[in-house]
Amino acid sequence: MLIRFKKSFEKIAMGLLSFMPAEKELKTLQQTIKSYETEKDWQLFLWKEEEDIIGALGVHLKENDEVEIQHVSVNPSYRQQGIGKKMVLALKDVYKNKTIVPNEHTQSFFEKCRETGQEES
């Protein structure tokens, strides 16, 4: 289930985002979290299964009705189970009237979703 980020989930979110290659540096990671907390056009979602938060999906809401995926990260223990694809599909439900697009960091993952046919709905 996709849930909106709350300050109480900050450490979990930082841990998940730290798996992204561009977020390895603590200072960069802190700036990213701050953007999701303070910028109205930046939204961070977490993926929860049962009681565990196992994924993070961050987006930038663009003025042209595009939702650009900035971050997609899944706990390594849960990878290769389709969690990332489920997050992208759930995001499409949140932003029904907008176009979901990747950025340069999420492009290859986004294309893999499309190849398996699960990204298109």
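## Sheet, helices and cores

In this predicted model, strand β2 (residues 42–49) runs antiparallel to strand β3 (residues 52–61), and the two are joined over eight bridges. Within this pairing, W47 has G55 of β3 as its bridge partner.

Both strands belong to an open sheet of five strands with mixed pairing, in the order β1-β2-β3-β4-β5. Because β1 (2–4) and β5 (99–102) each have a single partner strand, they stand at the edges, and one side of each is left without a neighbour in the sheet. On average, and with direction ignored, neighbouring strands of this sheet are turned by 35° against each other.

| Helix | Strands involved | Angle |
|---|---|---|
| α1 (residues 10–17) | lies across β2, β3 and β4 (66–74) | about 80° to β3 |
| α3 (residues 83–94) | touches β1, β2, β3, β4 and β5 | about 150° with β4 |

In soluble globular proteins, nonpolar side chains tend to be buried together. Here the largest nonpolar core has 18 residues, among which I69, M87 and L91 touch the most other members. The elements giving two or more residues to this core are β2, β3, β4 and α3, and the largest share, five residues, comes from α3. When neighbours within four places in sequence are left aside, L91 is in contact with L2, F45, L57, V59, V67, I69 and I100.

Note on methods:
Residues are numbered from 1 along each chain as its sequence is written. This is a predicted model: local features need pLDDT of at least 70, side-chain atom pairs count only at pLDDT 80 or more; totals for chains, interfaces and linings use all residues. Side-chain values use heavy atoms; hydrogens and water are left out. Two strands pair if DSSP finds at least two bridges between them. Helices (H or I, at least four residues) and strands (E, at least two) are DSSP runs, numbered from the N terminus. Axes are lines fitted to C-alpha atoms, for helices over the stretch in contact, and angles run from 0 to 180 degrees between N-to-C directions. Contact means heavy atoms within 4.5 Å. A nonpolar core is a set of buried Ala, Val, Leu, Ile, Met, Phe, Trp, Tyr and Cys residues joined through side-chain atoms within 4.5 Å. Buried means under 20% relative accessible area, exposed over 50%, partly exposed in between (1.4 Å probe, protein chains only).
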